[in-house]
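Keep the structure open while you read.

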Amino acid sequence: MKKISFTLNGELRQVDVAPNEILLEVLRYKMGVKSPKCGCDTGDCGACTVILNGKAVRSCLIFAIEINGQEILTLEGLSKDGLTPLQKALMDRNAFQCGYCAPGMILSVTCLISGNPHPSEEEIKESIAGNLCRCTGYQPVIDAIRQITKKQ
Amino acid sequence: MEELKYVGHSAVRVDGKEKVTGAAVYTDDLEFGPDLLYAEIVEGPHAHAMIRAIDTSEAMKVPGVICVVTGQDFPYNFGLYMKDRFIFAQDRVRFFGEQIAAVVARTPQAAKKAARLVQVNYSPLPKVVCPLEALREGADLIHPDLKHYEHVPWFFPKPGTNVAHHRKVRKGDVEQGFAKADYILEDTYEVPRYAHCAIEYHAAVAKYDHSGRLTVWASSQSPHTQRNLFANALAPLGIKHNDVRVIAPHVGGGFGSKAGVTMEIIAAAIATRVKGHPVKVLWNREREFYNTYQRLGVVAKLKLGVKSDGRITALHHSLFWDAGAYVEYGANVVNAVGLSAIGPYRVDNASIDSYCIYTNLPPGGPYRGFGYSEFLFGLESHMERIAKHLGIDPVDMRRRNAIRAGDLTAYGAKMNPNGLHQAIDAVAKEIRWHETPSPSGPDMAIGKGFSLFWKAPAMPPNTSSSCFLKFNEDASINLLVSGMDLGQGFLTVMAQIAAEILSVPVSKIRTENPDTDRNPYEWQTVASHVTWGCGNAVKRAALDAREQIFSLVARAHDLPKDLLYLEDEVVKCKERPGFALPLKDFVIYGIQMEDGTFKGGPIMGRGMFMPEYASTKADPETSQGGHPNVHYTVGAAAVIIEIDRQTGRVRVKKVVEAVDCGKAINPKLVEGQITGGILQGISTVLYEEMKFDHRGKMLNPNFTDYKIPTALDIPDEVIPLIIEVPEPDGPYGARGMGEHTMLPVAPMIANAIEDALGIRMKSMPITAEKICLALTGSKKQPEK
C-alpha cells in the first residue's frame, strides 16, 4: 500500500492504494465517487471517463498510483455549482435515456468545448465516439451539444 | 376533445436532473458497509457435460473465503414460463460458461482466486449447437427430464426430443390458398443470435438477515416477478413471499436482458448461506454476453402465395429457433412469433409452425422485439422480392395486403384499430419513395428499402399493473408504481398521466423506481406494455383520488359533486365562479367546518389494470379460439443507403419511421425511442456478429470484437413520425412502441441492398465483408 494524494473535484484527498489498483475502483469503492461507471473494464465503452489535468481519460485504464499529485474532475465536481449549459441542454431535450453513459459522455464533451467552444459536427461526434450508448442513437445528445456550441 | 395540458406534451424527464448530474444511483453504486461479502462464480468449460465431482477443498484454503456453494446446496429449478433452469448446474452443464458453483469471500480478489481453485471433474457429452441437428431423430437430448418440468398451459413440449415448445397455427385452407396463387415464392432466411449490450452489467446484492428477511437489490426490469420467482424457488428453505423484498435502483439499460430472473437468483440463494451478511454478485462484460440471455437465433422457411395483383392467398411459415440451453423465458418468444408470423397483413389461409429447440448454447431469452425482428427479416424481404417479380411497386404491394381494424389475425381474433395505412403513406411521402436519389460517386450505389412492422405485447392473459397515489401537504404527489424506468421514460409518462387528471404539474410529482415492499404490484417492465397497462392503473388511481377530493369538497362545502372540477391545483365549481379551494389546503389536513371540527384526511388513490378480455385458451392444433394478444402496435419505415462497391461499406443516409403509438403521451420520448431503436436495428444488420468456436465457446464477448455503433456510425438523418389512432382501452389512447422501433430495420436495409446492388442477402448480419464477397460473385455489373 502507498499513500497518494491528489486533487479530487477541487479538494485535496489522500488514499492508500496498492500498486495494481485501478483508478476507477479507487474512486468508486474507496472514495465514494460513484458517477464514473464500469461498462467493460477494457477501455472500450467510456462510461468511466474522468477529466485528468484537463483531459478526458478512461479511469479503468489508469493505475491509481499514477495520479499522485494530479487533478481529477468527475461529474460530481462539475455539478457542484449547478448545471452547466451542456447539462441543462441535455436535460431539457431529454437527450439521455438510461443515463448510465451520461457521466462519461458529459465529461468528454466538457473537455472538448473547454478548448473548442464551437466544434464542427464531426468534432462533436469524434469527441463522444469513445462513449458507447445503447439507448439514444446518439442524435439527441449531438443535437444538445450543437445547441450550446453553435455560433450565435 | 378536451384540451390536454400535460399529456401530449414533451415534459422534461422526472429523472433528467439525476441523470445529468451523476446523482442517479445504480445497483453497484449502493453502499453496504464493511460487512459486504463478494461472490465469484465457477464456470463450466464445456457446452455439454456430466458433472462427476466437485472438490472445493483448495478453494476453501484461500484466506478470506467464507464458503463455497454448489448445485447440491440448491437442488431447485425455476423459470418464468417453464421451470427448466437451475440456480447452479445440477448433474450436467448445458452451455459453455454455465455456473457450477460460487465462492463467497471477504474481498473480490479472494473470491476470484478461490474460484479458480475449485476442481470439477466432467464427462463431456456430445453437444448440439444447430437447431436443425437438434431436431434429428436420435439427437442427443439436452433435457432428458423435459416431461417433468412445470410449464404454462399454453406450451406444448415434446418429451423425448429437444423440442421444448411447438406453437402451431392453422387458419383457413392453406392448400387451396396456394392452389389459387398465381405466384409462389419459397425460401429460407437465417437470423443469428445477438447480445443486448446494455452498458451497465447485471448486478445483485442480497441479504438474508437473522430474522429470515431476504432483501435483494438488483438491476432489474422485473422486481415483482423476481420476488415471486425467488420465493417459489427458495420455498423449501421456508422463505415466503412476504419475506422477500426486491429493491430496484436505476437500471443502466435492459433491452430484455434484465427481465425475468437470471443471475440475480444466485445472489438470493447464496445469501441464505451467509446469514446476516450482504453478498454482492457483479457480472462482467464477458458474462453479459454469454451468461444472461441472448436473442434467439432462427432458421425461417417461408412460403408465400399471391395473386398477380400482389394479394396474398396463403402463407406457410416454419420457424426453427435456436433457443439455447434453457428456455424458461425464450420459449415464449417462440410462442409469440408463432401467433404473429403472418406479419401485419391480412392472410386468410395461414399455417405457422414455430419450434422452440434446445441447443448447447447460452439461454435464449427476451430481447427488444421479442422475436418479431427475426421473422420480419424474412417476411419483409419476401414481400419486396414478390413485388419486384410481379412488377408491382413494393409499397403498393404492402398497401394491398396491410391489415385493417376488424380483419382476423392468424389465431382468429379481430385486429385492433390501427394506423398502418396512414403510416405507409406518411413514410412513402417523407422518403420520396418515387424519386431516385443519385449516388455521390462512380463507385457508390444507392438503394431504397421499405418495411412494415407489427408487434403485440407477449404476456400472460392475467398480467396486471397497479398504482398508489398519495398527496403531500403542499399538494405534491408521490406516485408509487412498480414499472421500471429503463431509460424509455416510463416514470415521466406516469407522472404526466397523473398530472393531467389532478391538475398538478409534473414537477410536483415524484415517482421513482420501486421497492416491492412499498410499491404495488406490477408484472414486469417488458413487452412494451407499461405505458398502456400501468398507465391505465395510474389513470385509475388519479381518478380515484380526484373522486375522493370532489366527494370531500362537496360534503364539506355543500356543493353538488358533479359541478366540481380541478384547475391548476385548485378545486372550482362550475356554478360558483368565486369558489376556489387550493388542494394544498386540505389534501392532508382535511377541511375545517364552522364548529372547528375537520372533515376528510390524507387523500390516497389506488388503481389497477388487468385486460379482462385476454385468454390463451385455444385449440393447440390450430391456435384458434383464444385472445392471447391484447393488441398490436404497427408502423412502417423506409431507408436510403449508399454502398461503396469497393469496400462493401453501407452508409445509412436517411431513415423514416412512422409508429402508431395511439397517443404520444410525451412526443419527445417517443421520438427518442425511434432514434435509439433504429440504431440498435442498424447495428444488428450491419455490425454485430457473435462467433463461437468448435467447443461452443463465444469468442468475442467484448466490445473490441463485438462491435456496437458509436456516434460516428449513425445515419445522416432520422425522421421519426408519430401516428395516433387511439387504442380503445389505452390511457388517452396510448399503446406501447418502445421495442417496435428496431423491428423494420434489418429487412428494409436488406431490401435497400438488393435495390442498390441486385444482391439478395438472406442471412444476417449483412457486413461489409459479406457484401464484398457477394459482389465478387455477383453477375450484375456496376453501372458505368
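V395(B), R398(B) and R399(B) of α11(B) meet H421(B), I424(B) and A428(B) of α12(B). By class, this contact of α11(B) with α12(B) has three nonpolar, one polar and two charged residues. This is a predicted model. Helix α11 covers residues 394-401 of chain B, and helix α12 covers residues 420-431 of chain B. Their axes come within 10 Å and cross at roughly 170°. Angles over 145 degrees count as roughly antiparallel. That makes α11(B) roughly antiparallel to α12(B).

Helix α11(B) also packs on α10(B), at an angle of about 110° with the axes 8 Å apart. The two helices are therefore roughly perpendicular to each other. The crossing of α10(B) and α11(B) is right-handed. On the α10(B) side, the contact uses M383(B), E384(B), I386(B) and A387(B). On the α11(B) side, it uses P394(B), M397(B) and R398(B). These residues divide into five nonpolar, no polar and two charged. R398(B) is also one of the α11(B) residues that meet α12(B).

Helix α5 (residues 121-128) and helix α6 (residues 139-149) of chain A have axes that come within 10 Å and cross at roughly 125°. That makes α5(A) oblique to α6(A). The crossing is right-handed. I124(A), K125(A) and I128(A) represent α5(A) in the contact. V141(A), I142(A), I145(A) and R146(A) represent α6(A). By class there are five nonpolar, no polar and two charged residues in this contact.

| Helix pair | Crossing angle | Axis distance |
|---|---|---|
| α11(B) and α12(B) | roughly 170° | within 10 Å |
| α10(B) and α11(B) | about 110° | 8 Å |
| α5(A) and α6(A) | roughly 125° | within 10 Å |

Now turn to helix α16 of chain B, residues 745-757. Its 13 residues, at 1.5 Å a residue, should span 18 Å. The end C-alpha atoms are 18 Å apart, which agrees. Is α16(B) enclosed by the rest of the structure or exposed? Twelve of its 13 residues are buried, so α16(B) is largely enclosed by the rest of the structure. Among the buried residues are V745(B), P747(B), M748(B), N751(B), D755(B) and L757(B). What covers them includes α10 (372-390), β18 (444-455), β28 (633-644), α15 and α17 (768-777) of chain B. After α16(B) comes G758(B), whose phi is positive, near 75°.

A strand residue is next. I509(B) lies in strand β21 (residues 509-510) of chain B. It has 25 C-beta neighbours inside 10 Å, so I509(B) counts as buried. Which residues does I509(B) touch, not counting those up to four places away in sequence? They are I477(B), L479(B), A495(B), A498(B), A499(B) and V504(B). I509(B) and K470(B) are 39 residues apart in sequence, yet 9.9 Å apart in space, C-alpha to C-alpha.

Finally, the chains. Their contact takes 42 residues from chain B and 40 residues from chain A. On the side of chain B that touches chain A, α1 (16-21) and α15 (667-686) each supply at least two residues. The largest share of that side, eight residues, comes from α15(B). By class, that side of chain B has 18 nonpolar, 17 polar and seven charged residues.

Terms used:
Residues numbered from 1 in each chain as written. Chains lettered and ligands numbered in written order. Predicted model: local features only at pLDDT ≥ 70, side-chain atom pairs only at ≥ 80, totals over all residues. Axes fitted to C-alpha atoms, helices over the stretch in contact; angles between N-to-C directions. Helix = DSSP H or I, 4+ residues; strand = E, 2+ residues; numbered from the N terminus. Parallel < 35°, antiparallel > 145°, perpendicular 65-115°, else oblique. Contact = placed C-beta atoms within 7 Å. Nonpolar A, V, L, I, M, F, W, Y, C, P; charged D, E, K, R; others polar. Left-handed = near helix turned anticlockwise from the far one by under 90°. Expected span 1.5 Å × (residues − 1). Buried ≥ 20, exposed ≤ 12 C-beta atoms within 10 Å, placed from the backbone.
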